[in-house]
Amino acid sequence: MKTNRKLRFQLFVQNSFFVVLFLVFIFLIGFLSHEYHASRDVTQGSRNTLTEGSVNVLKQMNGPITITAYVTKDEAYRKFIHKFVERYQRVKPDIKLEFVNPAEEPKATQDAGVRSEIELVVEFNKRTEHIVPPQAFIEQEVTNLLVRLSRTNQNAIMFLDGHGERSLIGVKNHDIGDFGKHLEKKGFKLANPDLLIAQAVPHNGAMLVIASPQVNVTDIEVKKIKDYLDSGGNVLWLIDDEKNLHGLQPIAEYLGLELTPGMVVDLSAKQYGADAKIAFANQYGVHAITKNFMLRTLFPEARMLTAAGTYENGWKVSNIVEVAPNGWLETGEIDDKVSFDNKKDIPGPINIAVAMERKYGEKGQRVVVVGNGNFLANTFLGNGGNLDLGLNMVNWLAGDDRLITIQPKPLKDVNVIIPSDGWSNLMAQAVFIGFSRILPVTLVIIGVVIWWRRRKA
């Protein structure tokens with residue numbers, strides 16, 4: 001009898017000790033989970049985390065961000081907004097999210113300039129921007145908004161016009177209007193001053209873009225461009241014809257550009273099913289524009305160029321893009337039977353872009369020249385990293401080096417779309433119902449049957 005009591009007491013003590021330890025363990029887990037947070041996105045398209053481009057933008061933003069959501073007290077909708085903003089807060093903890101109910105605070109809503117039923121107001125460094133659904137919940141749109149708020153140079157990007165150039169507002173295949181739209185999303189303004197009428201190239205612009213004129217630029221305009229460079233202006237120059245600069249030869253001489261006749265041939269383009277006249281780049285120079293840039297870019301009908309820094313003008317030159325490591329610069333005609341001639345042609349890799357800078361006042365002066373305009377054309381802008389490289393060039397020229405980053409990409413869509421009609425719709429419906437309804441119910445029934453048989457055994 002005493003032995004049984006002693007045994008029961010020992011079991012009671014052991015069980016009590018286990019319960020106490022278990023409660024302490026639960027308390028510690030609760031404490032640690034409250035003090036420290038860790039998460040991991042296991043979705044196929046990483047839909048719950050930000051892309052590298054958005055993370056880089058947030059890391060460059062010094063100071064708190066306030067996001068005020070003007071929305072009714074719909075808990076489901078507010079929870080959705082909080083979940084979306086939380087992706088940004090995990091990278092930048094000083095992002096503050098606030099909710100305002102327009103029905104309860106109409107004056108505050110009116111003072112904030114809110115006009116939509118649902119609207120987000122983002123504030124950073126005493127600057128604000130508004131965004132409404134669906135853009136308010138698309139990572140690319142929100143990150144572009146943050147880039148605009150971060151931008152320190154608000155001056156316009158000017159572009160030479162009236163000589164058949166690739167237009168920054170054009171819609172034709174050879175134009176660069178899509179690139180212009182992306183620049184506007186990044187907070188830039190566009191302007192095309194008429195240099196025949198204007199006394200000079202406006203000095204309050206961020207840069208001047210010269211995109212492959214097709215007819216001669218007048219001497220008066222060339223002089224104004226040269227004066228603009230003399231006074232510290234920044235320039236992005238895209239060259240498609242190295243033999244005829246259409247009146248801009250004095251500018252090339254001023255910059256010390258050396259243009260070698262010929263077109264780049266890249267036989268490795270055949271691996272991608274492309275024409276040999278499309279040159280691919282995987283190698284980039286050491287420069288702020290191409291720092292950590294690892295995307296493949298393509299340049300149709302690229303031209304070779306170099307620049308020599310001159311003592312007189314004080315330019316520091318960097319080669320930034322090399323193409324066709326397995327190709328060459330073809331100096332003759334290009335046809336289906338084109339081949340390398342070691343007596344005339346220049347073996348790859350071929351440099352097709354230079355970045356130049358020199359000291360001028362407090363901010364300095366910067367110029368980028370690319371022996372190709374096609375890479376920013378509407379037809380080719382979406383290929384590889386062309387857009388990213390173009391944006392990096394413009395950010396560098398504008399002096400916003402810290403905003404040079406790989407842009408956020410849209411996440412892969414992992415939603416299931418069921419066809420709306422036909423036999424394929426019936427099959428899709430059957431598969432969907434089978435996996436989402438019948439299979440789970442079947443597994444539950446099997447589990448209950450197995451449990452019942454074991455219980456009766």
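Mentor: Let's start with one pair of residues, bearing in mind that this is a predicted model. Tyr284 stands opposite Val321 in strand β15. Two bridges join β12 to β15 (residues 316-323), and the two strands run antiparallel.

Now step back to the whole sheet. It is open, has eight strands with mixed pairing, and goes in the order β6-β5-β7-β8-β19-β18-β15-β12. Its edge strands are β6 (190-191) and β12 (283-284), each of which pairs on one side only. Packed on this sheet is helix α7 (residues 219-230), which touches β5 (157-159), β7 (207-211), β8 (235-238), β18 (350-358) and β19 (365-370). The direction of α7 makes about 140° with that of β7.

There's another strand pair to look at: β11 (residues 278-281) and β13 run antiparallel and are joined by four bridges. Here Ala281 stands opposite Thr297 in β13. Along β13 (residues 297-300), Thr297 and Phe299 point one way while Leu298 and Pro300 point the other, and all are buried.

Finally, a helix pair. The axes of α6 (residues 177-185) and α9 (residues 386-397) come within 11 Å and cross at roughly 55°, which makes α6 oblique to α9. Their crossing is right-handed. On the α6 side, Phe179, His182 and Leu183 meet Leu387, Gly390, Leu391 and Val394 of α9. Sorted by class, that contact has five nonpolar residues, two polar ones and no charged ones.

Technical notes:
Residues are numbered from 1 along each chain as its sequence is written. This is a predicted model: local features need pLDDT of at least 70, side-chain atom pairs count only at pLDDT 80 or more; totals for chains, interfaces and linings use all residues. Side-chain values use heavy atoms; hydrogens and water are left out. Buried means under 20% relative accessible area, exposed over 50%, partly exposed in between (1.4 Å probe, protein chains only). Two strands pair if DSSP finds at least two bridges between them. Contact means heavy atoms within 4.5 Å. Axes are lines fitted to C-alpha atoms, for helices over the stretch in contact, and angles run from 0 to 180 degrees between N-to-C directions. Angles under 35 degrees count as roughly parallel, over 145 as roughly antiparallel, 65 to 115 as roughly perpendicular and the rest as oblique. A crossing is left-handed if the near helix is turned anticlockwise from the far one by less than a right angle, and right-handed if clockwise. Ala, Val, Leu, Ile, Met, Phe, Trp, Tyr, Cys and Pro count as nonpolar, Asp, Glu, Lys and Arg as charged, and the others, Gly among them, as polar.
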